Amino acid sequence: MQWTSLSMGKFTLRYIPYTLEMRHVFTVASFSRTTTPVVLIELEYDGVIGYGEASMPPYLGESQESVIKFLNQVNLSPFNSPFQTEDILQYVDQIADKNTAAKACIDIALHDLLGKLMGQPIYKIWGLNPTLVPPTSYTIGIDTEEVIRQKVAEADQFKILKVKLGLETDKMIIDTIRSVTDVPLCADVNQGWKNKEQALEMTHWLTERGVVFLEQPMPKEQIDDMAWLTEHSPIPTIADEGCQRYSDILSLKDVYTGINIKLMKCTGLREAKKMAELARALDMKVMLGCMTETSCAISAAAQLGPLVDWADLDGALLIGNDIYDGMQVVNGHCILPDRPGIGVIKTS
């Protein structure tokens, strides 16, 4: 792999585009894909290197080209130390609108660098107990009955499965899974249901089949319909596409039961932690999610695990070409490495 290096005073930023290869075709309500483009970065200071990653599923509007363009606009020369975290990340955030995955890769690398300089994992620096990370769900994408059974068999270590819904095959998918396992399920509709009465009918049907919460059942623009559904739903509703950043949360309090925080949506660990704390203060549920990512971004997100109700950190398990070793999943449980920073090492 050929890295591009940018010298910025006391910092050196290196980046390289990389393509993640899915173990299975990944299908949700609005698209299918077999790969995910990412950009991997290294942020070096005083001989210490922090790792970061931007993952850009195409539907989010970012690409390897847009991330690289953003990174080439970054200039950390005015900063003397990575411990100027707030100043650095505020500066990065104002370089351009959106570009949240590009901003997240710098945030992740900076946190990894800080932890390594202090010789401690980020979760310890934050005073969090790693044994409180919830078991991660494992995602079953939309597929045929035969492939769904195969995916469920491969996921036999997991204590909860995340099921992609939103098409006319919803009941077939749930019935197929229930024919081979009785583990709890969470359902991610990816905005696939448009009618609130039909959506409510489905929530009752799903509840009877062991679904414990529902992620983004309706389009994020249908605020009133979503609030009505949440009020009448027998299970919690979680905003995913409907919640991007910290500034979104207050307006969602009576629209959803909770929020799904993803580093690639919210610019990284700094803002994600603030989002979790605000949601808790508003008595909302908190889910920690991911894109298709290597163990770099997954291990970064896992540092926040003790703050959340549900974890969906299976992104690195869905790919076949991870180049990092980090958070491990053992019998469905997230095991954070006792290494400094985000806890990852490069394996290739």
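**Figure 1. Helix H1 and the elements that cover its buried residues.** Strand E1 (4–8), strand E2 (11–27), strand E3 (32–45), strand E4 (48–55), helix H2 (85–93) and helix H3 (100–118) are among what covers the buried residues of H1, where cover is judged by contact, meaning heavy atoms within 4.5 Å. Helices (H or I, at least four residues) and strands (E, at least two) are DSSP runs, numbered from the N terminus. The model is predicted, so local features need pLDDT of at least 70 and side-chain atom pairs count only at pLDDT 80 or more, whereas totals for chains, interfaces and linings use all residues. Residues are numbered from 1 along each chain as its sequence is written, and side-chain values use heavy atoms, with hydrogens and water left out.

Figure 2. Within H1, which spans residues 64–71, the residues Gln-64, Val-67, Ile-68, Phe-70 and Leu-71 are buried; buried means under 20% relative accessible area, exposed over 50%, and partly exposed in between (1.4 Å probe, protein chains only). Seen down the axis of H1, these buried residues fall within an arc of 160°, so they line one face of the helix; the arc is that of the directions from the helix axis to the C-beta atoms. The face turned away from the buried side of H1 carries Glu-65 and Lys-69, which are exposed. An α-helix has 3.6 residues a turn, so residues three or four places apart point the same way.

Figure 3. E3 and E4 pair in the antiparallel sense over 8 bridges, and Val-39 stands opposite Ala-54 in E4.

**Figure 4. Strand E10 within the open sheet of 8 strands.** This sheet has the order E5-E6-E7-E8-E9-E10-E11-E12, with parallel pairing, and its edge strands are E5 (138–140) and E12 (310–311), each of which pairs on one side only. E9 and E10 pair in the parallel sense over 2 bridges, with Ala-239 standing opposite Ile-259 in E10. E10 is also joined by 4 bridges to strand E11 (residues 285–288), and the two run parallel; the partner of Gly-258 in E11 is Lys-285.

**Figure 5. Asp-240 and its surroundings.** Asp-240 lies in the loop between strand E9 (237–239) and strand E10 (258–261), and at 3% relative accessibility Asp-240 counts as buried. Its side chain makes a polar contact with the side chain of Lys-262 (3.0 Å); a polar contact is a pair of N or O atoms within 3.5 Å, where, within protein, one must be able to donate a hydrogen and the other to accept it, and residues adjacent in sequence count only if both atoms are side-chain atoms. Leaving aside neighbours within four places in sequence, Asp-240 is in contact with Asp-188, Glu-215, Gln-216, Asn-260, Lys-262 and Lys-265.

Note on methods
Two strands pair if DSSP finds at least two bridges between them.
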